[in-house]
Amino acid sequence: MSVSGFAVDLGGTKTAAARIEHGQVVARLQKATDAGADMDAQVAVIADLLGELGYENGAPLGVAVTGRVDRQGDWHAINTGTLRGISAAPLGTTLRTRFGARAHCVNDAAAAALAEARLGAGRGAYNFAFITVSTGVGGGLVLGGRLIDSGNGLAGHVGFAGTRLGDQLCGSGRVGTVESVAGGRAIAAAAGLPDARAVFEHGGFAPVIDRSAAAIAGLIGDLTAILGLDRVALGGSIGLAPGYLARVMRHLEDEPALFRPEVVPAELTHDSGLMGALLIAVEADEG
Ligand code: ADP
Ligand code: BMX
């Protein structure tokens, strides 16, 4: 599908915005996300980025955000350590008031999953999962060609499943989640460095990175048992970091063959959330 319009991908670490023409990102900007900002401040940043990209009110606009987006379009941080100022925020209504009726919002990993399923690494798979290893660990499930959703927007939040490698309290309120072992904030905390990027660049924290990869491999095995996945794509800056996927594959070797789907990198790399947000907005528009 060759969509044109604008898209935003607001993650726990960075907020990216793009102008997309005929399915191609033709201009892209990004800014660090303010994890403490409230919805109005986040929307002001979105408006600035869109303005710089030449957005005019009324153009198709997809906004993907970290956190769950319920069917009313309200936005909720699940891990309240990632976004501290977002609780039942009326994002859908606010975006439509500010940018027009063609603005839509969706969870970031759900958007990325749909884009990968349609245009990227998930093409041809019947039951497909996208997993982002980024600030947190997120996911989206496209089963029999349909993106799985739920009224409360929680569907697909695979990072909040449990792992036997975890015993810490997660910002979601659950104990021992995959996110609390494998996500960027967890990696940084385990290494005592400011962020996960610094941990990778340091080079001396292989066991911390490996534990993250092991938790993701276990998650892939569990999801495969439940959903009969035939392919999984990994995205996010950690999922796409050199050597990370290979570590996940090594741990997956410990699983019986039945629980080992194909595991591949996200083909749209850092643009899957942007592309998926616009796809969803355009489809919602067309009814
Ligand atoms: P977001 O979570 O905002 O969607 P990313 O997918 O970029 O954004 O994930 C952010 C996490 O990835 C942070 O923990 C950051 O430190 C880490 N990161 C960013 N770049 C790299 C890199 N080149 N290698 C490893 N980790 C990285
Ligand atoms: C968390 C959760 C998900 C999100 C995932 C990846 C919050 C704020 N976010 O599991 O909704 O999809 O992180 O997001 O609860 P990212 O910020 O790592 O890209």
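Predicted model: local features only at pLDDT ≥ 70, side-chain atom pairs only at ≥ 80, totals over all residues.

Analyst: Residues are numbered from 1 along each chain as its sequence is written, chains are lettered from A and ligands numbered from 1 in the order in which they are written, and side-chain values use heavy atoms, with hydrogens and water left out.

User: How many aromatic pairs does the structure hold?

Analyst: Two. Rings of Phe, Tyr and Trp (its six-membered ring) pair if their centres lie within 6.5 Å; planes under 30 degrees apart count as stacked, over 60 as edge-to-face and the rest as tilted. Phenylalanine 6 and tyrosine 55 are edge-to-face, at 5.1 Å centre to centre with 90 degrees between the planes.

User: Which parts does that pair tie together?

Analyst: Phenylalanine 6 is in strand S1 (residues 5-10) and tyrosine 55 is in the loop between helix H1 (39-52) and strand S4 (61-65), so the pair ties together parts 49 residues apart in sequence. Helices (H or I, at least four residues) and strands (E, at least two) are DSSP runs, numbered from the N terminus.

User: And why is the pair of tyrosine 55 and phenylalanine 99 called edge-to-face?

Analyst: Because the ring centres of tyrosine 55 and phenylalanine 99 are 5.7 Å apart and the planes are at 85 degrees. That pair links distant parts of the chain, 44 residues apart, with phenylalanine 99 in helix H2 (residues 91-99). Phe6, Tyr55 and Phe99 form one aromatic cluster.

User: OK, switching to ligand 2. Which residues come nearest?

Analyst: Gly67, Asp108, Ser134, His157 and Glu179, out of the 19 residues around ligand 2 (near means that one heavy atom of the residue lies within 4 Å).

User: What about polar contacts there?

Analyst: A polar contact is a pair of N or O atoms within 3.5 Å; within protein, one must be able to donate a hydrogen and the other to accept it, and residues adjacent in sequence count only if both atoms are side-chain atoms. A polar side-chain atom of aspartate 108 is 2.6 Å from a ligand 2 oxygen atom, and for an N or O atom in the side chain of glutamate 179 the distance to an oxygen atom of ligand 2 is 2.5 Å.

User: How much of ligand 2 does the protein cover?

Analyst: 96% of the 450 Å² of accessible area that ligand 2 has on its own (Shrake-Rupley method, 1.4 Å probe; for residues, only the protein chains shown count as cover). Helix H3 (108-119) and strand S9 (137-143) are the elements giving two or more residues to that shell.

User: Now ligand 1. Which backbone atoms does it contact?

Analyst: Among them, a polar backbone atom of threonine 13 is 2.8 Å from an oxygen atom of ligand 1, and a backbone N or O atom of arginine 197 is 2.9 Å from one. Alone, ligand 1 exposes 570 Å², and the protein buries 83% of that.

User: Which domains supply the shell around ligand 1?

Analyst: Domain 1 (5-110) and domain 2 (123-267) each give at least three residues, with the bounds coming from an automatic or database domain assignment. The shell around ligand 2 likewise draws at least three residues from each of domain 1 and domain 2.
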